[in-house]
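Welcome! Let's ask a few friendly questions about how this protein model is put together, and see what stands behind each term.

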Amino acid sequence: MLIFYDLETTGLNQYHDKITEMCFIKQKLLEFNDQTFTSLINPEKPIPDIVKRITGITDDMVKDKPTFENISEQLVYFINNNLKENEKVYFIAHNNIGFDKLVLSAHFKRMGIDIKQFNWVFLDTLLIAKKLYPHFKKYNLKSLCQKLGVQTLGAHRAEADTIMLKNLFYRIMQDMTIELKKSLGDIISDLDLIDNYTY
């Protein structure tokens with residue numbers, strides 16, 4: 001199972017900052033009937049002005065939205081529903097290892113949920129791109145999309161960024177078929193190949 005996701009937050013500290021918006025797009029391997037879970041989230045703290053300017057998300061927009069605590073069990077159900085026994089879930093995000101995984105894990109931990117209990121694997125398109133395209137000068141999501149001919153959408157909103165991420169991932173996988181000398185189907189069916197390649 002593939003989960004493409006993006007989190008918008010009040011800042012960059014995974015211990016103290018809170019999610020303000022999330023989007024998770026779920027796909028079965030080699031099937032493209034996406035399911036989407038997206039919501040603004042009440043961070044229960046003021047959103048800094050600089051973050052408001054970057055994301056466009058204001059305190060008024062989130063004040064009546066669910067908190068992460070309100071929505072956490074629903075999110076886990078969305079992710080793990082209809083999995084086969086021992087099936088891995090591959091979480092794909094841009095700067096996943098350096099940020100999104102840390103934030104998501106910290107939020108679940110506050111709810112008493114240890115993500116290590118699940119068969120979840122985290123793949124990072126930032127790290128993949130840095131290894132696959134060492135000559136590129138910029139590796140942010142929008143720059144990579146522009147460089148690789150992927151349509152860009154309004155940045156720094158969770159759903160738009162997740163759609164760009166998904167399209168970028170499949171574009172990168174086209175180049176990975178050459179790098180790994182395997183078909184796209186072979187790679188998508190065994191994403192541990194990407195995990196092993198990255199590290």
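α5 passes α7 in a left-handed crossing. Please keep in mind that this is a predicted model.

Q: What makes the crossing of α5 and α7 left-handed?
A: A crossing gets that name if the near helix is turned anticlockwise from the far one by less than a right angle. The axes of α5 (residues 125–132) and α7 cross at roughly 35 degrees and come within 11 Å, and the crossing of α5 past α7 is left-handed.

Q: Which residues of α5 and α7 meet?
A: From α5 come Thr125, Ile128, Ala129 and Leu132, and from α7 come Leu165, Phe169, Ile172, Asp175, Met176 and Glu179. By class, this contact has seven nonpolar, one polar and two charged residues. Asp and Glu count as charged, so Asp175 and Glu179 belong to that class.

Q: What does Ile172 touch beyond its neighbours within four places in sequence?
A: Ile172 is in contact with Thr125, Ile128, Ala129, Leu132, Tyr133 and Leu148. Ile172 is also one of the residues that touch the most other members of the largest nonpolar core, which has 34 residues. Helix α7 (residues 158–180) gives this core its largest share, nine residues.

Q: Which residues of α6 are called buried, and why?
A: They are Leu141, Ser143, Leu144, Cys145 and Leu148. Each is called buried because its relative accessible area is under 20%. The buried residues of α6 pack against α5 and α7.

Q: How do you know that Asn140 makes a polar contact with Lys142?
A: A side-chain oxygen of Asn140 reaches to within 3.3 Å of the backbone nitrogen of Lys142. The cut-off is 3.5 Å, so this pair counts.

Methods: Residues are numbered from 1 along each chain as its sequence is written. This is a predicted model: local features need pLDDT of at least 70, side-chain atom pairs count only at pLDDT 80 or more; totals for chains, interfaces and linings use all residues. Side-chain values use heavy atoms; hydrogens and water are left out. A nonpolar core is a set of buried Ala, Val, Leu, Ile, Met, Phe, Trp, Tyr and Cys residues joined through side-chain atoms within 4.5 Å. Buried means under 20% relative accessible area, exposed over 50%, partly exposed in between (1.4 Å probe, protein chains only). Helices (H or I, at least four residues) and strands (E, at least two) are DSSP runs, numbered from the N terminus. Contact means heavy atoms within 4.5 Å. Axes are lines fitted to C-alpha atoms, for helices over the stretch in contact, and angles run from 0 to 180 degrees between N-to-C directions. A polar contact is a pair of N or O atoms within 3.5 Å; within protein, one must be able to donate a hydrogen and the other to accept it, and residues adjacent in sequence count only if both atoms are side-chain atoms.
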